[in-house]
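Biologist: I would like to learn how to read a model like this one, feature by feature. Could you take me through it slowly?

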Amino acid sequence: MTKTKSKIDVITFPKKKLSEQPRCGLCGKRVNLIQTDCCGNWICNDEHKYITFSYARNSCIRNHRRFTLCGYHNAEGHKSNWKDCTECRQSFETEMYVWYGTNEYNFEMLENPPAYEPTKCSRCGITIKLGTDVYSQLGNQYWCEECSALEMKKKIQEHKKKQPIKM
Ligand SMILES: [Zn+2]
Ligand SMILES: [Zn+2]
Ligand SMILES: [Zn+2]
Ligand SMILES: [Zn+2]
């Protein structure tokens with residue numbers, strides 16, 4: 001009566017081989033990988049994809065190196081672990097510190113990130129996410145993308161008024 005059961009038990013998949021093949025810890029790709037200097041994780045060796053001054057965030061290795069505490073901590077030659085590094089903590093305002101430690105370019109997230117007041121646009125009061133939004137900063141004033149653009153326009157118009165129109 002129970003003979004059919006054993007059939008299912010016997011099937012084992014050769015899972016091991018698949019998981020041994022390294023994957024990029026950020027996007028999961030398996031080709032053209034390199035181990036990071038900072039934490040030894042496998043990552044896409046794709047820095048060539050990045051175009052200088054493009055501000056694109058399409059390179060896994062660059063994103064990890066430039067936009068995480070792990071990468072920063074290593075590049076600055078800090079001691080011990082980035083997660084409890086006081087130098088890292090002091091290097092950034094809290095919002096950026098938290099973003100660097102918890103964004104999607106991390107292999108491991110910062111545990112218990114400190115609380116912070118959200119940054120607001122000094123002009124219209126909208127919340128600005130310093131890690132991902134476009135904004136401009138002057139001293140301790142922050143301007144959202146829209147307000148920055150409006151102000152820029154105003155400045156250009158004022159400038160034009162002062163200039164005699166050339167034909
Ligand atoms: Zn990747
Ligand atoms: Zn790292
Ligand atoms: Zn550090
Ligand atoms: Zn604004």
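Biologist: Which are the buried residues of helix 3?

Modeller: Please keep in mind that this is a predicted model. The buried residues of helix 3 are Cys60, Ile61, Arg62, Asn63, His64 and Arg65.

Biologist: Why is helix 3 largely enclosed by the rest of the structure?

Modeller: A residue is called buried when 20 or more other C-beta atoms lie within 10 Å of its own. Six of the eight residues of helix 3, which spans residues 60-67, are buried, and helix 3 is therefore largely enclosed by the rest of the structure. The cover over these buried residues includes strand 1 (33-35), strand 2 (42-44) and helix 4 (69-75). For the chain as a whole, buried residues make up 17% of the 167 residues.

Biologist: Which residues make up the largest nonpolar core?

Modeller: The general idea is that in soluble globular proteins nonpolar side chains tend to be buried together. Here the largest nonpolar core has eight residues, namely Leu69, Cys70, Tyr72, Trp82, Cys88, Trp99, Tyr100 and Leu110. Helix 4 and helix 6 (94-102) each supply at least two residues of this core, and the largest share, three residues, comes from helix 4. Once neighbours within four places in sequence are left aside, tryptophan 99 is in contact with Leu130 and Gly131.

Biologist: Is phenylalanine 92 buried, partly exposed or exposed?

Modeller: The count of surrounding C-beta atoms decides this, and a residue is partly exposed when the count falls between the limits of 12 or fewer for exposed and 20 or more for buried. Phenylalanine 92 has 16 other C-beta atoms within 10 Å, so it is partly exposed. Phenylalanine 92 sits in the loop between helix 5 (86-91) and helix 6, and, not counting residues up to four places away in sequence, it touches Tyr97 and Tyr100. Between phenylalanine 92 and leucine 69 the C-alpha to C-alpha distance is 9.9 Å, with 23 residues separating them in sequence.

Biologist: In what sense do strand 5 and strand 6 pair?

Modeller: As a general point, the side chains of a regular strand alternate between the two faces of the sheet. Strand 5 (residues 135-138) and strand 6 (residues 141-144) pair in the antiparallel sense, over four bridges, and leucine 138 has glutamine 141 in strand 6 as its bridge partner. The two strands form a hairpin with two residues between them, and glycine 139 in the turn has a positive phi of about 60°.

How values were computed: Residues are numbered from 1 along each chain as its sequence is written. Chains are lettered from A and ligands numbered from 1 in the order in which they are written. This is a predicted model: local features need pLDDT of at least 70, side-chain atom pairs count only at pLDDT 80 or more; totals for chains, interfaces and linings use all residues. Two strands pair if DSSP finds at least two bridges between them. Two residues are in contact if their C-beta atoms, placed from the backbone, lie within 7 Å. A nonpolar core is a set of buried Ala, Val, Leu, Ile, Met, Phe, Trp, Tyr and Cys residues joined through C-beta atoms within 7 Å.
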